[in-house]
Amino acid sequence: MRRISVCCFTGQAANTNRRKKKQIQESKPSTENRMEQPQMTNNGNGAGNSETVGDSMGNSNSSNSKTNIIVNHDFSQGLQSWHPNSCEGFVVSSDSDNPGLLARLVGGYAVVSNRKESWQGLEQDITARVSPCVTYSVSAIVGVSGHIQGSAEVIATVKLEQQGSGTQYLRVGKSTVSKGQLEKLEGDFCLSTMPDRVVFYIEGPSAGADILIASVIICCSKQGNDNDVSSSSSTNVILNHDFSQGLQSWHTNQCDGHVVSLDLGHPRHLANDVGSYAVVSNRTERWQGLEQDITSKVSPGLTYSVSALVGISGPTEGSSEEALATLKLEHTGSGANYMLVGKTSTSKGKWNKLEGTFSLSTIPDRVFFYLEGPSPGVNLLIKSVVICNPDCSKPKDSFCGSAAKDDENLIVNPNFEDGSNNWSGRGCKIAVQNSAADGKIVPQSGKVFAVATGRTQNWHGIQQEITGRVQRKLAYEVTAVVRIYGNNVTSADVRATLWVKNPDNREQYIGIANLQAKDSEWVQLQGKFLLNGSPNKIVVYLEGPPPGTDLLVNSFTLKHATKVPPSPLPIIENPAFGVNILQNSNLSDATNGWFPLGNCSLNVATGSPHVLPPMARESLGVHESLSGRCIAVTKRTQTWMGPAQMITDKVKLFLTYQISAWVKIVPGAASGPQNVNVALGVDNNWVNGGQVEINDDRWHEIGGSFRIEKQPSKVMVYIQGPAGGVDFMVAGLQIFAVDRVARFKHLRRHADKIRKRDVTLKFTGGDSSSLHGTFVKVRQTQNSFPLGTCISRTNIDNEDFVDFFVKNFNWAVFGNELKWYWTESQQGNLNYKDADDLVELCRAHNIDMRGHCIFWDVDGTVQPWIKSLNKDDLMKAVQNRITDLLTRYKGKFKHYDVNNEMLHGSFYQDRLGKDIRPYMFKTANQLDPFAALFVNDYHVEDGCDTRSTPERYIEQVLDLQERGAAVGGIGIQGHIDSPVGPVVCSALDGLGILGLPIWFTELDVSSTNEYIRAEDLEVMLREAFAHPSVEGVMLWGFWELFMSRENSHLVEAEGEVNEAGRRLLALKKEWLSHASGEIDESGEFGFRGFHGSYRVEVVGLSKKVTKTFVVEKGDGDTPLVLNIDLSSS
């Protein structure tokens, strides 16, 4: 897809993934559909002021037809030249019946109505009236009317359509408008190139609100001459742009050059050509061409548009050659860097347009612009060159790079054909070779590869600066073909990383991709990234192998990421919910259908339970009793030995299966606890279907789940786990597809009991006889159930991310910014700036916060400097950490995860003793007594980790409490796959006996299919919402490329909400209560609604009264009676 690059515009680029917009004919208003007339914004009162405002409208926003490119700018000709965008429109004029104050003042205005989406509005095609590299200023007088609360944003947008390449949207300007007022909307835009179609339109308010437009002006601020890509000298950075003065101001780069002019009688290279052009000849290298020093004519932070007409002559190997526009940036003492601005394919006999843009964050000592590219021996012809003046620059708060087609590689010299040009070593040396290891290593493609050698640190590698080539809020894909060599290392981690330096000098490292590279073959490294902000400098590099090992790179590609089409809804025929897919599960036919995995023995025994395990019983309901028979597994010599069965043809893709079984260890053989695991072998992958730890001779339940999303060639289920020599028994193994829809109905009933309350509104302020029969409308504005998300400092540079965040979540947790390894990565160097920025954002939007985390007990998360401390110094560091953090943020975080993942790690306890854990809780409670202190761990809810079972979690909490720890809540992280409601609910029921609030603190679900991902998310949210012990849910992010797990996002990288995101929004809408009716003879109105904030409207004969109230959580059996005083409004 070809992307339109923008030289400048005021405001911010809107999301490029917009809905298709369909034009419909405007319809005239009916006489019954009159709206309230807005009042003009002014500073005085009375008719005199109205006249002043009217003059202002007529004068400040009137247009001279020679300068305004908008046709019918004041709607004096109705809607001629305007078109409503999938909505309706009409014009109210001073000649209309009852025109109102506005129409009398301005002569007429447009009304855009019946809007179902915020993007619907009024548009006009301006393609024929705009030119590239010209700055246009926009000014419009706008208002809002209809169904709207408070104020709304009205937005001016330019839509750029390119045939075969989709559509891009530029936000030109916006204005906040209140009902009953008119405001001026202003902005600027400039196009570096011309798309097929340019449409200007006004949009913005929420669905149901009408947009009022009194007038629109688009004027040309400053204009060049776009004829034949030439330009007046006042706007063009390039001197002698058309070679009318020979080669004055131009210099050949180690080659020859001359100008062909009709006046000089030179032979023409192109037939029927007129005017002058430059010929660059005697070229022996591709990089040789024509250059001009533009150092004094460019400024930092501005975006420049380049357009040139180029051709070729002389001997060529193929039908076409590539011409490049390049910047050479020279720094005293550090050599030169090169920036690719644009490129085009050109052939003999015709001129081709070469286009691109560039932006410099800082100005080096010298800046040269030059044209290069064709093969040695081929003459490069240049007819004209334009670099747009700084009037076409972007504002400081925006950022974009070179114009690029979606399939264009933004890396310069990607295959190292031009040696190491544009590349540099990152802490080491680089070289370009055609072979290595005595000829055993040769390029996978091309003739050469690059080698990063002399590496003494893992981060040493090969890099290229890409500043100015990538745009913010767009996703890019990196692909590199890599290999390692030397130091007797056969396999090592190789990473692609992005380093950015922000305007505030804050540095950031963004991981793009990693894989295990080999010394025996080339492998492909691939990943994506997105920039939220506008960095001053951007460098992409490869790193990773251990010191002394060379990193080899054959090719490197950086392109705008191809948008992946949404996954279709899986069609599953005959899912057979609740039917066991295993053969001979009840062992009525001996062990037929089963086989021993490994050299062990299987025999049928009796004495096992006759009842289904509880989790299976919860899913299946009334079910026949089990047979009482079991498989006895003996003569085991390895942990993986046990009974197995092939189920390849019985498993359906995208169905979620629940696993249930009874298992028992044979007495006498075991020494210590034994793990028993139901596993699946899916081709060469191991899938965990649930496990349990056994330390007695009782029957234990195993519960788990799985799902397969890619067609396998072989699926085997088997039971394994105990040590060799330990015999065990398996009974009642069930694998069945779960009916999620039926479970959802069950959960809705539970949620109605615990999350709703009967409410009686008792109206006062008038006698009951006057209120009886009055219409009442109740609308819930917010559910009080905490629903939050993880955010990071880099996210809040993206205004689209922030908008979704503040609209849909009422709690936040920080991904890394509060963790010790972030706030003090080096001893004594404290960094709270990132956390402070996030705190400020949340407090500005009244969003509550969880503090994650004070400490993290897993060894791999602890900074090296902490590991190097002796016991006394470590204790002092722990005291300083907890004191600094909780003193700084006292009263700001409602929760703290005190010592993260204590079921999976024990770093501090191992070094400081068992009392360190309660000490952390006690000290935190003393420093911030109003914060609830949580334990927090993972795999508690899914039955697949014996280290973090609900039973072990309960033991840990009770132990902490016995030693004085003020444990205030239980955190279940919730990083879960293929969740099954009864398995999750079983864990919640078990933990509920502690009587502490339970929160899902890091919930994410993952599926390659967004419909299945949406189902998984709905399972978890409904289970949480319907369980009385759960008091909140935190998602571990929602935006693609900023999640800890792949295929877990709710919003695509460039801002489009996917099916999982839509499911979240649908649930939020479902969990809002609305009611309407009439006040009874007692002056009361009753309803049942979710806990949260409400608005009630009482509509009488003479007036409408609006009040707000809150339904608090209480005894579900006790109605809440609220007095609503109508006299105080």
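Predicted model: local features only at pLDDT ≥ 70, side-chain atom pairs only at ≥ 80, totals over all residues.

The questions and answers below go from the whole chain to its sheets, its helix pairs and some single residues.

Visitor: What percentage of the residues in the protein chain is buried?
Guide: A residue counts as buried when its relative accessible area is under 20%. Applied to the 1129 residues of the protein chain, that cut-off gives a buried share of 55%.

Visitor: Among contacts with a separation of 6 or more, what share is made by residues 24 or more positions apart?
Guide: The contacts considered here are those in the protein chain whose partners have a separation of 6 or more. Of these, the share that joins residues 24 or more positions apart is 77%.

Visitor: Which residue of β19 stands opposite Leu 309?
Guide: Strand β16, which covers residues 303-313, runs antiparallel to β19 and is joined to it by eight bridges. Across from Leu 309, the residue that stands opposite in β19 is Lys 353.

Visitor: In the open sheet with the order β32-β35-β40-β37-β38, which residue of β35 is the bridge partner of Phe 595?
Guide: The five strands of this sheet pair in the antiparallel sense, with β32 (595-597) and β38 (685-694) as the edge strands and a twist that averages 25° from one strand to the next. Strand β35, residues 642-646, pairs with β32 over three bridges. The bridge partner of Phe 595 in β35 is Ala 644.

Visitor: Turning to the helices, are α4 and α15 roughly parallel or roughly antiparallel?
Guide: Helix α4 (residues 740-755) packs against helix α15 (residues 1010-1025) at an angle of about 30°, and their axes are 9 Å apart. Angles under 35 degrees count as roughly parallel, so α4 and α15 are roughly parallel.

Visitor: How many charged residues are there in the contact of α4 with α15?
Guide: The two helices meet in a left-handed crossing, and the contact includes Arg 740, Arg 743 and Arg 748 of α4, together with Glu 1015, Asp 1016 and Glu 1018 of α15. Divided by type, the residues of this contact give eight nonpolar, no polar and, for the charged ones, nine.

Visitor: How many nonpolar residues does the contact of α10 with α12 have?
Guide: Helix α10 (residues 871-888) and helix α12 (residues 916-927) also pack at an angle of about 30°, with axes 10 Å apart, and that makes them roughly parallel. Their crossing is right-handed, and among the residues in contact are Met 875, Val 878 and Ile 882 of α10 and Tyr 919, Met 920 and Leu 927 of α12. The residues of this contact include no charged and four polar, while the nonpolar ones number nine.

Visitor: Is Asn 488 buried or exposed?
Guide: Asn 488 sits in the loop between β26 (475-485) and β27 (491-501), and its phi is near 60°, a positive value in a residue other than glycine. Since exposed means over 50% relative accessible area, and Asn 488 has 83%, this residue is exposed.

Visitor: Finally, which strand holds Cys 853?
Guide: The peptide bond from His 852 to Cys 853 is cis, with omega near -10°. The strand in which Cys 853 is found covers residues 848-856 and is β46.

Technical notes: Residues numbered from 1 in each chain as written. Heavy atoms only, no water. Axes fitted to C-alpha atoms, helices over the stretch in contact; angles between N-to-C directions. Helix = DSSP H or I, 4+ residues; strand = E, 2+ residues; numbered from the N terminus. Parallel < 35°, antiparallel > 145°, perpendicular 65-115°, else oblique. Left-handed = near helix turned anticlockwise from the far one by under 90°. Contact = heavy atoms within 4.5 Å. Nonpolar A, V, L, I, M, F, W, Y, C, P; charged D, E, K, R; others polar. Pairing = 2+ DSSP bridges. Buried < 20%, exposed > 50% of the residue type's maximum accessible area, 1.4 Å probe, protein only.
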